Amino acid sequence: MVKLTAQEIVELFNQRSSTRYYDPTKKISDEDFHTILERARLSPSSVGSEPWKILVIQNQALRDKIKPFSWGMMNQLDNCSHVVILLAKKNARYDSPFFVDVMARKGLNEEQQQQALAKYKTLQENDMKLLESDRTLFDWCSKQTYIALANMLTGAAAMGIDSCPIEGFHYDLMNQTLAEEGLFDPNEYGVSVAATFGYRARDIAKKSRKAMDEIVTWVE
């Protein structure tokens, strides 16, 4: 296993920056982008639910179709190498077929499945109160997609590839347009967040962040 030094890790995060202007002549290789997607696939999620799907939008006609309501990536849609839309699962109740699949992936026997279901029920009903509305349950799944998103962004940076997370678009229109293209069932999934990837076309301003003591409290 390759181990980065502490200095190398900090430098990696300093170099990573939200890129809004990409060089259209530079494209990410299929092999490299597969590696970025693999980082999403291997990401952790609450109770191992993996409540996501990933759309990679390379079709320029579809990019043009979403551009009018995608103000946060309007320039990027023409110039970036890859556009990713992360979808979050809807209706991911502890007693749904979706969770039966989760337990099957884990290889649980019948007794273990019943024990797991009891824990999932307590988590969703009592601990997190996720069953109060469909939106609350969807938002829980949407939060999991951000873990996969972060791993994609950081993984790309480690490969010298730039990126930008995107929430700047009209969600209803994005959901409608992509669903009408037959890319997902809107009863089962919804758009969570987007990201663009490529190679920056211009230097990026020095990163501005709060000081460590403004965000961290040690409890000893």
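Start your tour by selecting K67, which sits in the loop between α3 (60-66) and α4 (76-79). Helices here are DSSP runs of H or I with at least four residues, strands are runs of E with at least two, and both are numbered from the N terminus. Is K67 buried or exposed? With a relative accessibility of 18%, K67 counts as buried; buried means under 20% relative accessible area, exposed means over 50%, and partly exposed is in between, using a 1.4 Å probe and protein chains only. Now show what surrounds K67: apart from neighbours within four places in sequence, its contacts are M74, L77 and D78. A contact means heavy atoms within 4.5 Å.

Before you go on, know that this is a predicted model, in which local features need pLDDT of at least 70 and side-chain atom pairs count only at pLDDT 80 or more, while totals for chains, interfaces and linings use all residues. Residues are numbered from 1 along each chain as its sequence is written, and side-chain values use heavy atoms, leaving out hydrogens and water.

**Zoom out to the whole protein**

Colour by secondary structure and you will find nine helices and four strands. Walking from the N terminus, their order is α-α-β-α-α-β-α-α-α-β-α-β-α. A box of roughly 55 × 50 × 35 Å, taken along the principal axes, holds the C-alpha atoms. Of the 220 residues, 40% are buried. Looking at contacts between residues at least 6 apart in sequence, 79% join residues at least 24 apart.

**Select helix α5**

Pick residues 97-106, which form α5, and show the side chains of its buried residues: F98, F99, V102 and M103. Looking down the axis of α5, these buried residues fall within an arc of 140°, so they line one face of the helix. That arc is taken from the directions from the helix axis to the C-beta atoms. What do the buried residues of α5 pack against? Their partners are β2 (82-89), α6 (110-127), α7 (134-158) and β4 (189-198). Turn to the other side of α5 to see P97 and A104, which are exposed.

**Visit two loops**

Most residues other than glycine have a negative phi. With that in mind, select V47 in the loop between α2 (30-41) and β1 (52-56). V47 is not a glycine, yet its phi is positive, about 45°. Its relative accessible area of 26% makes V47 partly exposed.

Then move to K129, in the loop between α6 and α7. K129 is another residue other than glycine with a positive phi, near 50°. At 45% relative accessible area, K129 is partly exposed.

**Finish with the cysteines**

How many disulfides are there? The count comes to zero, where a disulfide is a pair of cysteine sulfur atoms within 2.5 Å. Select C164 and C80: the sulfur of C164 has its closest cysteine sulfur in C80, at 9.8 Å, too far for a bond. C164 counts as buried, at 2% relative accessibility.
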